[in-house]
Amino acid sequence: MDFFVKNALWIGLAIGSGIMLLLPAIKRGAGTSVNASDAVLLINRSHAVVLDVRDDAEFAAGHIADAKHIPLAQLPDRLKELTRFKDKPMLVYCESGARAGKAVSLLAKHEFKQVQQLQGGVKAWQDAKLPLVKG
């Protein structure tokens, strides 16, 4: 017990540091990623806005029906196009999930409330035998 009294400051600092390290994961929340079947439900039941952040060639090769296309590199400059959807559910996807994760973080920083990422991206969508629109 004497150890804790003499080292209370250091113990508090260690606990505070641990909390600060976990804070980004806590803020991100558990619901930021959905699988393909849950994405279909999100689109059909909640009328989610679908955002494709892949490049032009990938988008033309096949995309989810009615998806809005804004490549990740252009997203910071084109956020104005999405502001009317800040309070609506949004599903963001890319080829495999890496770019979509960056897009979700950017949108969350700009106060988009209900942003979800398609876990596994288009690859997971195709693996689930779900349709893509070409062109």
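Colleague: How many aromatic pairs does a search of the whole structure find?
Modeller: This is a predicted model. To pair, two ring centres must lie within 6.5 Å. Across the whole structure, the number of aromatic pairs found is zero.

Colleague: Which element gives the most residues to the largest nonpolar core?
Modeller: That core has 19 residues, and Leu51, Leu75 and Leu107 are among those with the most contacts inside it. Strand S2 (49–52), strand S4 (89–93) and helix H5 (98–109) each supply at least two. The top giver, with five residues, is H5.

Colleague: How many residues are in the other core, the one with Val34 and Ile64?
Modeller: This core lies apart from the largest one. Leu42 and Ala48 are also among its members. Its residue count is 14.

Colleague: Which strands are the edge strands of the sheet?
Modeller: The sheet is open, with five parallel strands in the order S1-S5-S4-S2-S3. An edge strand pairs on one side only. The two edges are S1 (33–34) and S3 (68–69).

Colleague: Which residue in S4 is the bridge partner of Val49?
Modeller: S2 and S4 pair in the parallel sense over four bridges. Val49 has its bridge partner in S4. That partner is Met90.

Colleague: What angle does the direction of helix H3 make with that of S4?
Modeller: H3 spans residues 36–46 and packs on the sheet. It touches S1, S2, S4 and S5. Its direction and that of S4 make an angle of about 145°.

Definitions and conventions
Residues numbered from 1 in each chain as written. Predicted model: local features only at pLDDT ≥ 70, side-chain atom pairs only at ≥ 80, totals over all residues. Heavy atoms only, no water. Phe/Tyr/Trp six-rings, centres within 6.5 Å; stacked < 30°, edge-to-face > 60°. Core = buried A, V, L, I, M, F, W, Y, C linked by side-chain atoms within 4.5 Å. Buried < 20%, exposed > 50% of the residue type's maximum accessible area, 1.4 Å probe, protein only. Pairing = 2+ DSSP bridges. Contact = heavy atoms within 4.5 Å. Axes fitted to C-alpha atoms, helices over the stretch in contact; angles between N-to-C directions.
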